Amino acid sequence: MHAIKYFLIEALVSMRRDRRAAALAVLTIAAGLFLFGVFLLIDANVERLVGRWTASAELSVYLADDIDASARATVEATLTASPLVDRYEFVSKADALARFKRDFPDLADLSDQLDDNPLPSAFEVRLRSTAGAEAGLEDLAARLGRSAGVLDVRYDRLWVSRLMTVVALLRGISLAIITIVAVAAALTVASVVRLATYARRDEIEIMQLVGSPTLYIRGPFVVEGVLQGGLGALVAVGLLWGGYSFATMRYGQMIADALGLDTLTFLPGAATTLVIVGGMLVGCVGGAVASRSAGH
Amino acid sequence: MIEAYHLSKVYSRGVYALRELSLQVEKGEFVFLTGPSGAGKSTFLRLLLCQEPPSEGQLMVSGRSLSELRPREVQAYRRGVGFVFQDFKLIPRKDVFENVAFVMRVLGAPEAQQRRKAFQALKWVGLQHRMNAFPTELSGGEQQRVAIARALVNDPALVLADEPTGNLDPDLSLDIMNLFREINARGTTVVVATHDRELIRQVGRRALTLDQGQIVETS
């Protein structure tokens, strides 16, 4: 406890002594983490969007109006027996019409003018996430398509699969950018802390000569890195919140409508924590690297 | 306490700072190392502080070979050694009290102990009334006394001093040497490197004269 208090006091004194260098490190980390946070923010909302898309039926089996009970049972049995099917739901013609009116309110009046309900009943099928074998899915869709009483089989999995591929690619690119930014931030912190070790070389020399444990020599510099990283992260989160608030105030509903979401959301708590902890970790690594020479 | 056997230190291009040096310093003894510049006095003190390893031979303190100490053992060894430099090496950003207490602080001593021992050390060198002054506000002699207080604050068994009076006038030099005599009178082994033969004569302790890395005279 005494050691931690010593490290903290020494780190604060050092930062106060060289405010400019400390501010440079804090702002550099903030810039990097802001970029990181932007990607996380986009990812969080894209995740909601993809979730909504994948929550809808991945495979729809549309039934003829005159399908008899036996044929319907056969289709149902095919779905039940398939290892690719996670669950399915029967949507009656009436349910389908109600959904249509809900999703397209502008066209609700139009549907009321029709004599008959043109929308077919259907089985909406959710596939297992491991059901990646395209051939197996195509085979299932083909078998269902050949079943009596089946009008059409719509298979959206391919589109969602391609979407997930694009999302995974974007995430990969984001990860690469984030890694580069994190390394740059750590190097900046290391440079600032190295400057601090140079500025305090007389103290470090005395500490070494009196037999100070290596922990007491390096500890303050590591803590200084952690503080700079943590402050940078807080600045980044603040900027993110400010930017998000401004953007949603002016363009939020427009963007949400374009994406098909109700609203945009800020970073979830876990992601915000990740940004802050990530900043402190980057600072810690930078401080530890720079202080290595101070311990010898 | 200190035993050197055929100790040599060679730098690049085959330059011998110490050559086959053998000597002994008893526990509680006060010994001068003297000789011209480049004789090897400071090099020997650096080896004693484990700042550099010897090239050949053995250097033992209290029966332990310094070459065989691991890094943590070197740290532990140094806690038992006080050192005083010609240029004082005080930290200008810290006041007198902080400069002395600093040693206890970086060794993890409790604050109450830091305050007590630092005050005791400053009182012993007669500077307890200048605790809040900064090094730049002190005279050369006062700065060196602060350095001596810092060297003593951890009750070392061995005190090393490298030209401690090099920047001081003769009267102050003698005052400083008297402090070292008092330190020695308390049982601490003292080794002082100096080229001031007049000072050695006035203090009257065993002197080992080095030249080109070897002992050429013992008096």
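Contact here means heavy atoms within 4.5 Å. In this predicted model, 22 residues of chain B are in contact with 21 residues of chain A.

The size of an interface is often given as the accessible area lost when the parts come together. For chain B and chain A this buried area is about 1900 Å², with 56% of it on carbon and sulfur atoms.

| Feature between chain B and chain A | Value |
|---|---|
| Salt bridges | five |
| Residue pairs in polar contact (both at pLDDT 80 or more) | eight |
| Salt bridge of Glu205(A) and Lys89(B), N to O | 3.7 Å |

On chain B, the helices α2 (71–79), α3 (96–106) and α4 (111–124) each supply at least two residues of the side that touches chain A. The most comes from α3(B), with four residues. By class, this side of chain B divides into 10 nonpolar, four polar and eight charged residues.

The model also holds one cavity of 30 Å³ or more, and the largest cavity has a volume of about 60 Å³. Its lining includes Val210(A) as well as residues of chain B, among them Arg78(B), Phe83(B), Val103(B) and Asn154(B). In chain B, α2, β6 (81–84) and α5 (140–152) give two or more residues each to this lining. Strand β6(B) gives the most, with three residues. The lining comprises five nonpolar, two polar and three charged residues.

Definitions and conventions:
Residues numbered from 1 in each chain as written. Chains lettered and ligands numbered in written order. Predicted model: local features only at pLDDT ≥ 70, side-chain atom pairs only at ≥ 80, totals over all residues. Heavy atoms only, no water. Buried area = accessible area lost by both parts, 1.4 Å probe. Salt bridge = Lys/Arg side-chain N within 4 Å of Asp/Glu carboxyl O. Polar contact = N/O pair within 3.5 Å; in protein donor to acceptor, adjacent residues only side chain to side chain. Nonpolar A, V, L, I, M, F, W, Y, C, P; charged D, E, K, R; others polar. 1 Å grid on protein atoms, 1.4 Å probe; cavity = no way out; pocket = protein on both sides within 12 Å on 5 of 7 lines; lining within 4 Å. Points joined across faces, edges and corners; volume = space filled by probe spheres on them.
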